[in-house]
Amino acid sequence: MEPWIRALLILLLLPTLAEARLRHYNFEVVMKNYTRLCSTKAIATVNGKFPGPTLHAREGDNVVVKVINNINYNLTIHWHGIRQLRTGWSDGPAYITQCPIIPGQNYLYNFTITGQRGTLFWHAHISWLRATLHGAIVILPKKGTPYPFPHPVNQKIIVLGEWWKADTEAVINEATKSGMPPNVSDSHTMNGHTGPVRNCSISTKGTYTLHVEQNKTYLLRIINAAINDELFFRIAGHKLTVVEVDASYTKPFITDTIYIAPGQTTNALLKADQSPERKYLIGMSSFMDSPVAVDNSTNYGLLRYKPSLGGSPFVLTAMPSLNATQAQRNFIHSLRSLNSKKYPAKVPLSIDHSLFFTMGVGVNPCATCLNGSKLVGNINNVTFVMPTISLLQAHYYNISGVFTDDFPGKPLISFDYTTVNYTGSLATMNGTKVYRLPFNATVQVVLQDTSIIAPESHPIHLHGTNFFVVGTGIGNYDATKDSINFNLVDPVERNTIDVPTGGWTVIRFLADNPGVWFMHCHLEVHTSWGLKMAFLIENGDGPNESIMAPPKDLPKC
Ligand code: C2O
């Protein structure tokens with residue numbers, strides 16, 4: 001090549017290498033009929049698709065999504081795991097950062113993806129609409145930046161979900177009225193498919209199929225978009241190498257079972273190194289090690305090699321049992337931050353705010369409910385009551401009477417949290433309380449499950465920031481004994497982590513994102529019951545340390 005042509009090419013290419021792009025998406029939310037399990041119902045979809053369209057971007061890009069509400073429900077969309085630095089107005093949880101988009105209206109979500117790469121997902125964040133309103137977010141590394149693992153030939157998105165034959169809004173409304181737990185789903189879904197065997201007919205038409213070529217390596221982007229089910233995922237005959245969770249790189253580790261809670265995402269390399277003369281089952285099944293567990297049946301997809309040979313025999317896989325605590329714990333304990341020079345784990349080492357949050361379910365009186373009482377979720381015995389305008393607006397415009405900033409930093413009464421013979425009151429207090437943090441405070445939160453009704457696992461999700469998981473264990477957290485074993489070197493960085501059944505998990509984060517950030521259990525049933533709270537992070541004094549002004553089209557309540 002002539003030197004001047006090369007120089008010209010470099011000049012032409014430079015801006016695309018360095019500059020971030022603007023990515024524009026149109027999300028029109030419409031009802032559409034879908035048939036699953038031999039029955040048809042209208043579901044809320046983005047652009048008619050279930051699961052919804054994938055949002056593609058690169059680290060550093062500015063993403064603008066026009067959400068058009070053409071259904072008869074109030075709506076918001078949340079970009080789960082996107083940090084939303086100073087752009088809380090685009091985060092999406094209804095009544096936390098915005099009022100809902102009412103039917104017939106639009107809202108432009110506008111955010112920049114900073115310091116994140118990998119897989120996340122978007123979902124509706126109001127009532128139970130996320131049952132069908134969800135889809136993948138794929139964030140590629142910056143141009144010219146390779147993955148810190150062997151480059152895969154291809155990538156496949158696998159969205160795991162749940163399907164109800166009934167209307168899910170009716171399911172949660174019914175449960176709220178009665179005060180009782182909502183019905184469990186009728187099936188799991190794999191990229192929207194309910195699988196081969198479902199009472200009505202046996203066919204492979206409703207089965208998700210992953211096509212691979214022998215000896216090639218694929219990057220699987222696995223997303224748990226289920227409403228209430230923590231899941232195991234396996235591919236018969238194949239091992240998976242986990243390289244990333246919640247859009248943070250991990251030290252690669254090889255496993256045959258992936259554990260994934262609602263709100264979590266996992267990237268894993270799959271090497272197609274088996275015989276192409278067979279078909280391999282892909283299994284997804286529930287994990288629930290609480291004594292109050294209800295099972296949902298296992299769903300299967302298929303892995304097939306190309307070219308495929310007709311009539312090839314199946315290779316089966318046995319899924320872990322419903323209460324396979326050890327399989328869950330093994331997976332969680334294997335996760336470590338990559339913690340390389342380029343991607344260091346910036347774990348806060350000194351702590352300004354040391355918090356202790358208990359979480360569980362209680363019972364409050366309810367005159368109109370079935371038994372005169374209702375189940376409620378709580379953190380530190382506070383059941384969160386949704387405000388009628390968003391907390392972020394109330395904070396930004398100094399509107400009083402919407403929330404109080406007295407969320408307790410520890411339980412008001414302490415007791416043996418994991419005892420099965422709890423004799424105290426089952427009642428909780430109601431409140432719209434936030435915990436206030438100064439800009440750049442370092443925070444540690446011990447998340448402790450209680451057994452007041454029954455011990456249960458809670459995938460806790462924090463908006464607006466990732467956290468490091470420095471420790472986890474079973475039983476009551478013991479500050480002196482347990483803090484000695486914290487991993488402060490390469491703990492996994494995530495946005496959603498399980499508080500184990502009858503146990504505890506300790507997270508640390510830096511409060512460097514001003515705004516109001518929701519924290520809640522990502523089992524939607526528990527969120528609906530009030531297992532949620534919010535952190536208010538104050539503005540800093542620096543030029544880029546304040547929340548941006550709200551957009552003009554911010555929906556009104
Ligand atoms: Cu994925 Cu507040 O949620």
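Rings of Phe, Tyr and Trp (its six-membered ring) pair if their centres lie within 6.5 Å; planes under 30 degrees apart count as stacked, over 60 as edge-to-face and the rest as tilted. Ring pairs of this kind link Tyr25, Phe27, Trp79, Tyr107, Tyr109, Phe111 and Trp122 into a cluster. The model is predicted: local features need pLDDT of at least 70, side-chain atom pairs count only at pLDDT 80 or more, and totals for chains, interfaces and linings use all residues. Residues are numbered from 1 along each chain as its sequence is written, and side-chain values use heavy atoms, leaving out hydrogens and water.

**Aromatic pairs**

- By the ring rule, the count comes to 29 aromatic pairs.
- Phenylalanine 232 and tyrosine 259 are edge-to-face, 5.9 Å centre to centre with 65° between the planes.
- Tyrosine 259 also pairs edge-to-face with phenylalanine 287, at 5.6 Å centre to centre and 85° between the planes.

**Burial of these rings**

- Phenylalanine 232 is buried (under 20% relative accessible area; exposed is over 50%, partly exposed in between; 1.4 Å probe, protein chains only), with a relative accessible area of 0%.
- Tyrosine 259 counts as buried at 1% relative accessibility, and phenylalanine 287 counts as buried at 2%.

**Charges over rings**

- A charge sits over a ring if NZ of Lys or CZ of Arg is within 6 Å of the ring centre and within 35 degrees of the ring normal.
- The charged end of arginine 36 sits over the ring of tryptophan 163, 5.8 Å from its centre.
- The charged end of lysine 279 sits over the ring of phenylalanine 314, 4.9 Å from its centre.
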